[in-house]
Amino acid sequence: MAETVLANIEKRRTTTAGWQGIVADWSSDQRAFKNVSWGKAMMWIFLLSDTFIFGCFLLSYMTARMSTTVPWPNPSEVFALTIAGQHIPLILIAIMTFVLISSSGTMAMAVNFGYRHDRRKTAMLMLVTAAFGATFVGMQAFEWTKLIMEGVRPWENPWGAEQFGSCFFMITGFHGTHVTIGVIFLIIIARKVWRGDFETGHRGFFTSRKGNYEIVEITGLYWHFVDLVWVFIFAFFYLW
């Protein structure tokens with residue numbers, strides 16, 4: 001009899017532990033995020049919402065391209081440059097992609113040196129990243145100017161489907177705005193890092209707790225996202 005009672009008690013304990021284990025598994029994400037700062041969590045939420053926006057833009061572009069009955073312009077011809085008498089397709093886009101991908105490397109190194117509290121290298125690498133971003137925006141402005149001079153408008157296009165101009169200016173313009181904002185933000189944070197604001201705990205905008213360089217990592221998250229989005233734009237808009 002006593003053995004039966006003990007067995008029932010042990011069974012109930014096992015059942016309770018099992019349900020508690022299930023609840024713990026389902027709430028594991030909630031416990032994990034308790035150790036994440038508000039700044040980093042909010043940046044992830046912002047990037048998630050921005051992913052939906054860029055996703056809608058690209059889906060709309062693909063829908064417009066596949067549904068139009070008018071031939072779509074050939075990107076290799078539209079985005080070609082004539083250099084030394086040679087017609088080179090997508091040369092500017094290739095350089096822009098190389099510059100932006102390289103900026104991800106310098107940003108990653110800046111985050112690494114930020115965790116090491118090497119403020120001079122961190123600031124320098126962030127400024128190099130900002131220079132890469134500014135170069136990208138400059139080349140994009142050149143690309144826009146070239147196409148506008150050739151007659152491309154949001155409502156018309158000399159090479160075929162009228163939707164080409166609106167899709168191009170909307171998608172690349174929205175991405176270019178993100179890059180421009182990132183460049184400004186990089187310069188602001190680099191200046192604060194260079195001055196040692198994060199070492200002294202100087203109060204101000206974007207200044208974290210004393211000795212904490214987390215804002216550099218948050219800036220890096222935004223910048224890597226911008227680079228990743230460009231990879232999809234490059235694949236869907238310029239290579240398709």
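Just after helix 6, G151 takes a positive phi of about 105°. The model here is predicted, so local features need pLDDT of at least 70 and side-chain atom pairs count only at pLDDT 80 or more, while totals for chains, interfaces and linings use all residues. Residues are numbered from 1 along each chain as its sequence is written, and side-chain values use heavy atoms, leaving out hydrogens and water.

- Helix 6 covers residues 119-149; helices are DSSP runs of H or I with at least four residues, numbered from the N terminus.
- Its 31 residues reach 45 Å from first C-alpha to last, close to the 45 Å expected at 1.5 Å a residue, where the expected span is 1.5 Å times one less than the number of residues.
- T122 is found in this helix and counts as buried because its relative accessibility is 0% (buried is under 20% relative accessible area, exposed over 50%, partly exposed in between, with a 1.4 Å probe and protein chains only).
- Leaving aside neighbours within four places in sequence, T122 is in contact (heavy atoms within 4.5 Å) with A110, F113, G114, V193 and V216.

**Helices 3 and 9**
- The axes of helix 3 (residues 38-67) and helix 9 (residues 214-238) come within 11 Å and cross at roughly 10°; axes are lines fitted to C-alpha atoms over the stretch in contact, with angles from 0 to 180 degrees between N-to-C directions.
- The two helices are therefore roughly parallel to each other (angles under 35 degrees).

**Cysteines**
- The structure holds zero disulfides (pairs of cysteine sulfur atoms within 2.5 Å).
- C56 counts as partly exposed at 47% relative accessibility, whereas C167 counts as buried at 8%.

Definitions and conventions: Angles under 35 degrees count as roughly parallel, over 145 as roughly antiparallel, 65 to 115 as roughly perpendicular and the rest as oblique.
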